[in-house]
Every structure is written in structure tokens, then in C-alpha cells.
Amino acid sequence: MTGPRIHIYDCTLRDGQQMQGIDWGVADKQAIARALDAFGVDTVEGGWPGANPIDDAFFANPPPMTRAKLSAFGMTRRAGRSASNDPGLAAIFGARTPIVTLVGKTWDYHAGIALGVSLEENLAMIADSVAEAARRAEVAMFDAEHFFDGYKRNRDYALRAITTAHEAGAHWIVLCDTNGGTLPDEVEGIVAEVARHIPGERLGFHGHNDTENGVANTLAAVRAGVRQVQGTINGIGERCGNANLISIIPTLMLKMGYSTGITEEGLRGITKLSRMLDERLNRAPARGAAYVGESAFAHKGGLHVSAVERDPATYEHIPPECVGNRRHIVVSDQAGRSNILSRLRDVGIDIDGEDKRIKRILDEVKAREFQGYAYDGAEASFELLARRALGTVPQYFHLESFRTLVERRGEGEEPLSEATLKIVVKGERVLTVAEGNGPVNALDAALRKALLPHYPDVAALRLVDYKVRILAPDQATAAVTRVMIESEDAAGTRWATVGVSGNVIEASFFALADAVTYLLMREGAAGG
């Protein structure tokens, strides 16, 4: 990482917030800004002062920055106003950020249609606004909106627009693929041409992902000479999203040899940063996300695992530790002995590779997956299966029977579910009844009620996700249901369990029973 310096500009808090379903509060924006600062990006775009009360409150009380600089975003002055007497610009400058980023029209079509101004007036708006920003802030930036579309339709005018901003004092000229429709070869060629007019060390790139090329376009722009890249965490943003900094940053540093403000140690925090944002959005992280996904370094096929056991480089393009991720050996019906041995080592089971019980576990996995089980996403259930085969799982409880019912009591009232459970705990036969907002919730409540007097640890158990899948049957009347449950303890540790049955409630109980058993086993509870 000794190549040219690339500046990282994060616009998660402004452009990323345009994504459908995102509605951050001030505390969310402050927390994300602090995380970005700690990670080591150069600039955090905080939002658009004057656009909404949340952004106003954020800029009124921004978090302290130790490494990154805060930017306020806005647009060029209105037609018929001076830059020093424009309400929009006044709000932006009033935020008193060290960096001001102004967006302006560089596509002649947009100047006429969107703004309704002449082409010369649009250039005057750019020049006046950028000059005022350069006077009022440490750094003025110009986002050349729709630059690539404008360049392809009226090259001379697009170049005049960015040259005007550069001459007015913009430190960075950012070429924006606003519609996200430009392809990598076009980006590289156009940026190379622009670099003949404006030095590359003053050029940036802002890409959208409408053709799934946001990352590729960004890297192409860097190859052509830009020295600032813009994007968002996990690629969030309007329509199909923005260029994904979580993929761009490690590629620049580990693949292309560029340096950034992020250290090697800091890069190890990129997986944590990615998952922090997903947690803020209350969504599950994308398993297949490059570099940071749970499956990014997962190995399922027995042939692959055997090779990885000898040398991870056989099927891994980088060591997962470089980006704070981990190697994940998956157990499934495609598994071989290498998978089983690797997974057992991961959970702390040291067993000789020639032990006959290894084949027994492998055969059991394949047989159960034929029935509909899936252990590649239910590691806790796999560990229980393996430990049961090795005889190391205590018997915490034994199910005798359960019954659930759903009753709708009146017009407009929510249905009520009730579960009756009979189990044996430490030699004692226990019968419990509980209600819930669904049959699985009622069954969960009844099981906890029965176990709590003997195993207080179950009070900390929380079910955080529940997925049902109907597996394709051989006959329409023989459908099989797979239930996956994700659980969490008081410390925030999560694990997944699976249950399979022709009945969704029974499948749910199997997954639920594994979740409870795994918690008690991990806590070292004694069986009875």
C-alpha cells in the first residue's frame, strides 16, 4: 500500500439516507459519524443543512471528529439570487463545517429542464456559489451532477461546467455518475480525457449502482487518475444504491496497492463497521457480501475444504483476518471428513481424524439433510448433533407431548394462541400452559415456564429471527417444513438452530429445543 494516496469521502449520512426504508434520528447519525471517524475515512458528509429538522439538529450538535473532517452538502445558488444572499447557501455555510460540497448541473439538458435557466446562467450559478464556498470554508468541493450523461451528449458544455468550478476555487471536482448507467470502459475513457483539463489530484468520482457497476466504475476512475472516491457503507442509497465503500476500500488497499487514510489495523475493523450499519438498520447482514459477509470465506465442498486445510490461499483471495472476517467451514450433505474435522476443531472438539465416529457424524449429517435439514446455516444444531454422537450432551429435559390451539374470540380481536406442554425435567414430570401471540410463541413460553425453576439461564434467551421454508415435496400432500431459529443471549451472542417436520409447529419445537439445549450446554448446566 505504497501507491498514490486516495481520499475516502463517505456520504452514507446524506446520499445513503435516500434509500427506501431508512429514517435515521440524530442519535443514529451521530453514532455512524463517530464510527466512520474511528475507522479512518477522510471526509464524512453529514447531510444537507436546511433540508430537514434531523440534519439541522445533527449540524447543531455534531460529534467531535479526531481523524475525519465533516462536510455540509447543498446545491448552487438559485437563479436570480447572489451567492451571498441565497437562503439555501446561508444554511449550508451556517453549519460551519470545514468542508462544503456543492452540487451543480453539468448536463445542458438538466440545466434547461430541471432548473429552467440558460446555459450561461447555470455556469454563473456554479462560479458564484463555488467562489463563496471557497471563501467561507477550508475546502470547497463541486459535485458535477450527471457529468457522464452530460459529457456523452454535450462534451464541451460538461467540460466548461467543471472548468468553471475549478477556476472558481473548488479543491475537488467530483465527477458524478448520477443515473448509474455508465459502464467501466466509458468511465475510464472519459475520466482520462477530463484529466487533460483538470489535474487528477483534484478529481473525484461519485458512482451509483444502477447497472451493478458502482464498485467497478469507481476502480476504473481511479485507474484513470481520480484521487478521491465517494460512496456509502454497504452501498446503501437511492434506487439501486451507491458505490459500496466496504468493497472499494479493501480492493484499493489490498489489490491495487493504493494508500488511504485507513491503516492496516483500521482495515481489520471494516467487517465490524459494515455490520454496525446493518444493526442500525435492523436488518440481517448480507451473507454473500464481498470481504465482510459471513459467506465471504465460507467453504462447503469437501474438495475445497481439504485444500484449504493445507493452504487457505487455494480458495481464498486474501486472509480473512485482513478485513476482520473469519474462515467458515460449512457442514452439509456435500461435506467430507475435512469439513467435519475442521468444524469440530472450531467448536473445541479435539478428535483423531481416524476415529470411526467421524464417519458416523458425516453419515448422520447427510441422512438428515436428505430429510430436509440444513446445517450450513444452523451451526448450533450441528454442534449438538456432533456432541450427541460423541455422547457429551447432557439430557436437560425430555418431551412427552405438547398441544397448541388458536382461538379467535370476537370481531376485531387478535387471535390468541395457547400451548400445553408435558416434559420431564431432572426426573420430575412437569405440565405447563402458556399463552402467546402465535402458537410458536406460546410453545416457547410454556417451555421456559417449565425449565426456569431448574435452569435460570433460560431467562436470558431471546429469539431474534424465525424463518419457515416449505421444501418441495415428492407429492403435494407430503410437504416438509424447515424452521430456522436465531437466538441471542444477554451478552448479544447469537446462534442458529434448525428443525424439520411435516408439521410447522413440531419443526418449530425441534429448533426451539435445540436453541435451549445449546444455551444450557454452553453455560455448563448439569443435566438430570
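Me: Which residue in E8 is the bridge partner of Tyr 9?
Reply: Let's start with the strands, which are DSSP runs of E with at least two residues, while helices are runs of H or I with at least four, all numbered from the N terminus. Strand E1 (residues 7-10) runs parallel to strand E8 (residues 228-231), and four bridges join them; DSSP has to find at least two bridges for strands to pair. This is a predicted model, where local features need pLDDT of at least 70 and side-chain atom pairs count only at pLDDT 80 or more, while totals for chains, interfaces and linings use all residues. In E8, the partner of Tyr 9 is Gln 230.

Me: Which hand does the β-α-β unit of E1, H1 and E2 have?
Reply: Helix H1 covers residues 26-39 and makes the unit together with E1 and E2. To judge the hand, point the strands away from you: a clockwise path from the first strand over the helix to the second is right-handed. For this unit, the answer is right-handed.

Me: How many salt bridges does a search of the whole structure find?
Reply: Side chains of opposite charge can pair when their charged atoms come close. Here a salt bridge needs a side-chain nitrogen of Lys or Arg within 4 Å of a carboxyl oxygen of Asp or Glu. Arg 155, Asp 156, Glu 193 and Arg 196 are even linked in a network of them. Over the whole structure, the search gives 36.

Me: Glu 193 forms a salt bridge with Arg 196, so is Arg 196 buried or exposed?
Reply: The closest N and O atoms of this pair are 2.4 Å apart. Buried means under 20% relative accessible area, exposed over 50%, and partly exposed in between (1.4 Å probe, protein chains only). Glu 193 has 17%, so Glu 193 counts as buried. Arg 196 has 63%, so Arg 196 is exposed.

Me: How many residues apart in sequence are the parts that Glu 294 and Arg 326 tie together?
Reply: Glu 294 and Arg 326 form a salt bridge, with the closest N and O atoms 2.7 Å apart. Glu 294 sits in the loop between helix H12 (270-280) and strand E9 (298-299), and Arg 326 in the loop between helix H13 (302-310) and strand E10 (328-329), so the separation is 32 residues.

Technical notes
Residues numbered from 1 in each chain as written. Heavy atoms only, no water.
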